[in-house]
Amino acid sequence: MDRFQEMQVFSVVAQEQGFSAAARRLGMSAASVTRAVAALEKRIGTSLLTRTTRSVHLSEAGQRYLDDCRRILAEVQEAEDSAAGSHAQPRGQLTITAPVLFGELFVTPVMVDYLAQYPEVIINALIVDRVVSMVEEGVDVAVRIGELPDSNQHAIRVGEVRRVICASPSFLQAAGRPVHPQDLARAPVIGTSAIGQQRSWPFHEAGELLSVRTEPRLVVTSNQAAIRAASLGSGFTRVLSYQVASQVASGALDIVLADFELPPLPIHVVYQGGRNAPARIRSFVDFTVKALREHPDLQR
């Protein structure tokens, strides 16, 4: 195995934090992956990974080496792509990230359609509910919900989502429809730690911020569980509009207190490289921007 292959194996082991997971992703045996990293450490003369019974972690030297590996491998990929005409025809590996539910509902169909059109591209998707560092984790394209911090990355706005309060029609018929956010302080509420607000829900009233403290009868860690409980008539829940679009369309849930909602959250497609990005990044960005902008659940 040459040095570039060892770098690739090491990079995947570091990202997956395990030899078995890295082996599955690379299509290699776990023993081959272990030998490749061991040979790399022997040649360099230092330990790059700290091994435990459950996972592996980067040593200080390993973190420095990983940063160099990613830079070198990216430069090699770009050189090969350029020589092969990849700036005209998308090819090679593309790494993207998106939030879990948004990724499942909107980004996965885009990936499937994109791969059908560009068979020489391989996608590695990090569908996780955390803000992935694009530079540190080698991500080419990210879909972000919310205001973006200042950065050197390029971003294209593709839509927006609302923070909504909803409940089932049967529950509203029995408990009554709230006319003011303070009505929720005494109502059955389903809290979710997934949006980081179990007890206080913010609203806007006459241009001022209004915070209502709720007393959840049920607290879950999954938005999907909260939505399901609300559909079954357990109470009010607060989620993002795209997460309940199908339930609202089918009549399983109603949105209430729309006049008191906070401003919508923007959705951006963020990518690295700008106009000099290789064809696989530019084409995926264009493909994703078009698909998301055409989706009615993501527009005002």
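Analyst: On a 1 Å grid over the protein atoms alone, a pocket is an open set of points where a 1.4 Å probe fits, with protein on both sides within 12 Å along at least five of seven lines. Grid points are joined across faces, edges and corners, and the volume is the space filled by probe spheres set on the points. This is a predicted model, in which local features need pLDDT of at least 70 and side-chain atom pairs count only at pLDDT 80 or more, while totals for chains, interfaces and linings use all residues. Residues are numbered from 1 along each chain as its sequence is written, and side-chain values use heavy atoms, with hydrogens and water left out.

The largest pocket holds about 1,200 Å³ of space. Its lining has 38 residues, a lining residue being one with an atom within 4 Å of a point. Nearest the centre lie Arg 70, Leu 73, Ala 74, Gln 93 and Gly 138.

Helices (DSSP runs of H or I, at least four residues) and strands (runs of E, at least two) are numbered from the N terminus. Those giving two or more residues to this lining are α1 (3-16), α2 (19-26), α4 (60-83), β3 (92-98), β4 (121-127) and α9 (279-293). The most come from α4, with 10 residues.

By class, the lining has 14 nonpolar, 12 polar and 12 charged residues. Here Ala, Val, Leu, Ile, Met, Phe, Trp, Tyr, Cys and Pro count as nonpolar, Asp, Glu, Lys and Arg as charged, and the others, Gly among them, as polar.

For reference, the second largest pocket holds about 890 Å³. Its lining has 23 nonpolar, 11 polar and 6 charged residues.
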